[in-house]
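Q: Some labels used for this predicted model rest on cut-offs. Please go through how such labels are reached.

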Amino acid sequence: MRTFIVKANGAHTAYDFSLKDLPGTSGRIDLLCRFLNSAFLLSHGIRKNVRVWLLLYGPPKPPKAIRFEGAELRARLNPDELSTAKLIVKALKAGEGLREPAKELEVLPGIYVSNLTFEDVIRRTLKGSELYYLHEGGKPIGKVNFGKNVAFVLGDHKGLSNEDEAFLDGIAERVSVGKKSYLASHVVAYVNITLDSLGVP
Ligand SMILES: C[S@@+](CC[C@H](N)C(=O)[O-])C[C@H]1O[C@@H](n2cnc3c(N)ncnc32)[C@H](O)[C@@H]1O
């Protein structure tokens, strides 16, 4: 099982943006759409062994956590950003009335929304997976011995904050796919393909 956790510090937590201008109005939800597509899509199918947590921390009411489960997804993830953005909008609308800190609401099969924090999600994930933080300065990915259940944390276009990094220190090994800073959606595609070649489920 592969889990990808992306912390999007500016991504809006309510549907107060324009689908016609995602990069300019949503706090970069366009980036999250490309991330989801790279995490799940194969040429003719979907990766059922993938879970993605989107942690949205932008205005007006952070946090919002949206979980996508490959094994349960029925809604079509298409390569275009707009249809993926509409799934995120659906989740944000469904989560508007949520008050409980830990309750997850199923929005569509395989898509859940909650008020879980980044730290909550990391703690949950640690119970069943080895945790890695994808970072340019980390250990080269080819030198890591991965187990069966692996989880990776990534930042958005601005990267993780010092506080987020301090929280991960000691609980997540830093792993790198190269010295250059790549787009998060490219990194997740590279990690998926590398894990495929290493035979990691
Ligand atoms: C666009 S990058 C963020 C760049 C941002 N300027 C920074 O300084 O962190 C988005 C995320 O992709 C991951 N990433 C980018 N390049 C990477 C690399 N070479 N190896 C591992 N992870 C990488 C990191 O998790 C990063 O936070």
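Q: What makes Gly155 partly exposed?
A: Gly155 has 19 other C-beta atoms within 10 Å. A residue is buried at 20 or more and exposed at 12 or fewer, so Gly155 falls in between and is partly exposed. Gly155 lies in strand β9 and touches Lys7 and Leu160, not counting residues up to four places away in sequence.

Q: Why does Leu134 count as buried?
A: Leu134 has 25 C-beta neighbours inside 10 Å. The cut-off for buried is 20 or more, so Leu134 counts as buried. Leu134 lies in strand β8. Leaving out residues up to four places away in sequence, Leu134 touches Phe152, Val153, Leu154, Val175 and Val187.

Q: What is annotated at Leu134 and Gly155, and how do you know that they cluster in space?
A: The UniProt record, an unreviewed entry, places the feature "binding site" at Leu134 and Gly155. They are spread over 22 residues of sequence, but the largest C-alpha distance is 8.3 Å.

Q: What makes β8 and β9 paired strands?
A: Two strands pair if there are at least two bridges between them. Four bridges join β8 (residues 130–140) to β9 (residues 150–155), and the two run parallel; the two strands therefore pair. In one of these positions, Tyr132 has Phe152 in β9 as its bridge partner.

Q: Which strands pair with β4, and in which sense?
A: Strand β1 (residues 2–8) pairs with β4 in the parallel sense over seven bridges, with Ala8 opposite Leu56. Strand β5 (residues 64–69) pairs with β4 in the antiparallel sense over six bridges, with Leu55 opposite Ala65.

Q: Why is the pairing of the sheet called mixed?
A: Strands of a sheet pair either parallel or antiparallel. Here β1 and β4 are parallel, while β4 and β5 are antiparallel. The open sheet has eight strands in the order β6-β7-β5-β4-β1-β9-β8-β10, with mixed pairing.

Q: What makes β6 and β10 edge strands?
A: β6 (105–108) and β10 (173–176) each have a single partner strand, so one side of each is left without a neighbour in the sheet. Neighbouring strands of this sheet are turned by 30° against each other on average, direction ignored.

Q: How do you know that β4 is mostly covered?
A: Seven of the seven residues of β4 (residues 50–56) are buried. Side chains in a regular strand alternate between the two faces of the sheet. In β4, Val50, Val52, Leu54 and Leu56 point one way and Arg51, Trp53 and Leu55 the other way, and all are buried.

Key: Residues are numbered from 1 along each chain as its sequence is written. This is a predicted model: local features need pLDDT of at least 70, side-chain atom pairs count only at pLDDT 80 or more; totals for chains, interfaces and linings use all residues. Axes are lines fitted to C-alpha atoms, for helices over the stretch in contact, and angles run from 0 to 180 degrees between N-to-C directions. UniProt positions are given in the numbering used here, feature names are shortened, and annotations may be inferred rather than shown by experiment. Two residues are in contact if their C-beta atoms, placed from the backbone, lie within 7 Å.
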